[in-house]
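Thanks for coming, everyone. I'll take you through one model this morning. Please have a look at it first.

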Amino acid sequence: MSTAFYFHPVCIDHDPGSMHPECPDRLRAVAKALEGEEFKELDRREPPKATLEQLDRAHDSDYVRSVLDNVPTEGLVYLDGDTAMSPASGEAALRAAGGICAAVDAVVSGKVQNAFCAHRPPGHHAERAQGMGFCLFNNVAVAAYHARVVHGLKRVAVVDFDVHHGNGTQHTFYDDPALFFGSSHQWPAYPGTGMVEERGVEDDRGASTNCNVPLAPDSGSREFRAAWQDILLPTLLDFAPDLIIVSAGFDAHERDPLANLNVQTEDYSWVTREIMNVADECCAGKLVSNLEGGYDLGALAASVTVHVKALMSDSSLY
Ligand SMILES: [Zn+2]
């Protein structure tokens, strides 16, 4: 079965200001990387705009309306010191959240095996009632609730290998025993959450549903792979999700300017295949991946390339 690819040019037009690391060129680099002959089998789909009903499952409705009502007609409006909206940001944020819900529809219904959503703005820092860290709406959280409410899935997992802790996703899921969040991230680093002790509630088998693996600055491939091999993948397998959603940030890469880990391009191929193997065991390979961070344009393009190549591969061959 095929891999779906969700992308819309309005997500390039979202522009949080000159010199901002979360820049339009990020998505240009990703789109260009996936243009080549080796990606001609991708099932390219247009992301629809999210509905208010979809957004309200993961956010306070007042917050959602406040964001959408305050999109500027010119210039920038700031949600916090480093999170800004430009005139295109409203539609971009709606398509980012709506696109991943459409990806869930396509994967859960069996039309495609898995999906990669290349959207901006990213989402994993967005809290229920607060945008932060370049994020407006928490796309993966919106998608997890969509999977549960619309498709009746019982257990949904989000795993996050962005170098920054996905505080918004963790907090949104924290008291829900049927939503799992697992993350590797640099610590200490922005946003300051993500300690091992933050374990969430226990599920019906008495197991924790929140799993953080902080990595010390200067950690590289060995520590990154050990975090997933020894802790995150077995914990995810034990949770036995009906769908796996990936917060795919590529800013743990050694060339990334915003953090201090030394993950290599090929580590993203490896971790993708390992998460796919868990998906094969738990949920017939159902997996939806969503772009988060990654701020060195060359490293981002190379990492997305190996990530999507892995998604398109037959995981039974590994
Ligand atoms: Zn990040």
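**Sheet, helices and core**

Let's begin at one end of the sheet. Strand 7, residues 179–186, pairs with strand 8 in the parallel sense, over 6 bridges. Look at Gln186: its bridge partner in strand 8 is Leu215. A reminder before we go on: this is a predicted model.

Now zoom out. What is the strand order of the open sheet? It reads 2-1-5-10-9-6-7-8, 8 strands with parallel pairing. Strand 2 (43–45) and strand 8 (210–215) are at the edges. Each has a single partner strand, so one side of each has no neighbour in the sheet. On average, neighbouring strands here are turned by 15° against each other, direction ignored.

Next, strand 10, residues 287–291. How many of its residues are buried? The count is 5 of 5. Both faces are covered. Leu287, Ser289 and Leu291 are buried on one side, Val288 and Asn290 on the other.

Who pairs with strand 10? Strand 5, residues 114–117, runs parallel to strand 10, with 4 bridges between them. Ala115 stands opposite Val288 there. Strand 9, residues 243–248, also pairs with strand 10 in the parallel sense, this time over 5 bridges. Ser247 has Asn290 as its bridge partner.

Strand 9, helix 9 and strand 10 form a β-α-β unit, and the unit is right-handed. Helix 9 covers residues 265–283. Follow helix 9 over the sheet: it lies across strand 6, strand 9 and strand 10. Its direction is at about 165° to strand 9.

That brings us to strand 6, residues 156–160, and to Ala157 within it. Is Ala157 buried or exposed? Count the C-beta atoms: 30 others lie within 10 Å, and 20 or more make a residue buried. So Ala157 is buried. What does Ala157 touch, beyond its neighbours within four places in sequence? The contacts are Phe180, Gly182, Leu236, Phe239, Pro241 and Ile244. One more distance, back to strand 10's Asn290. Ala157 and Asn290 are 133 residues apart in sequence, yet 13 Å apart in space, C-alpha to C-alpha.

On to the core. In soluble globular proteins, nonpolar side chains tend to be buried together. Here the largest nonpolar core has 97 residues. Which of them touch the most other members? Ala103, Val142 and Ile244 do. Helix 5, residues 89–108, gives the most to this core, with 12 residues.

Take Val142 in detail. Leaving out residues up to four places away in sequence, Val142 touches Ala50, Gln54, Leu55, Arg57, Ala58, Ala97, Ile100, Cys101 and Phe137.

Last stop: helix 4, residues 61–69. The buried residues of helix 4 are Tyr63, Val64 and Val67.

Technical notes:
Residues are numbered from 1 along each chain as its sequence is written. This is a predicted model: local features need pLDDT of at least 70, side-chain atom pairs count only at pLDDT 80 or more; totals for chains, interfaces and linings use all residues. A nonpolar core is a set of buried Ala, Val, Leu, Ile, Met, Phe, Trp, Tyr and Cys residues joined through C-beta atoms within 7 Å. A residue is buried if 20 or more other C-beta atoms lie within 10 Å of its own, exposed if 12 or fewer, and partly exposed in between; C-beta atoms are placed from the backbone. Helices (H or I, at least four residues) and strands (E, at least two) are DSSP runs, numbered from the N terminus. Two residues are in contact if their C-beta atoms, placed from the backbone, lie within 7 Å. Two strands pair if DSSP finds at least two bridges between them. A crossover is right-handed if, with the strands pointing away from the viewer, the path from the first strand over the helix to the second runs clockwise. Axes are lines fitted to C-alpha atoms, for helices over the stretch in contact, and angles run from 0 to 180 degrees between N-to-C directions.
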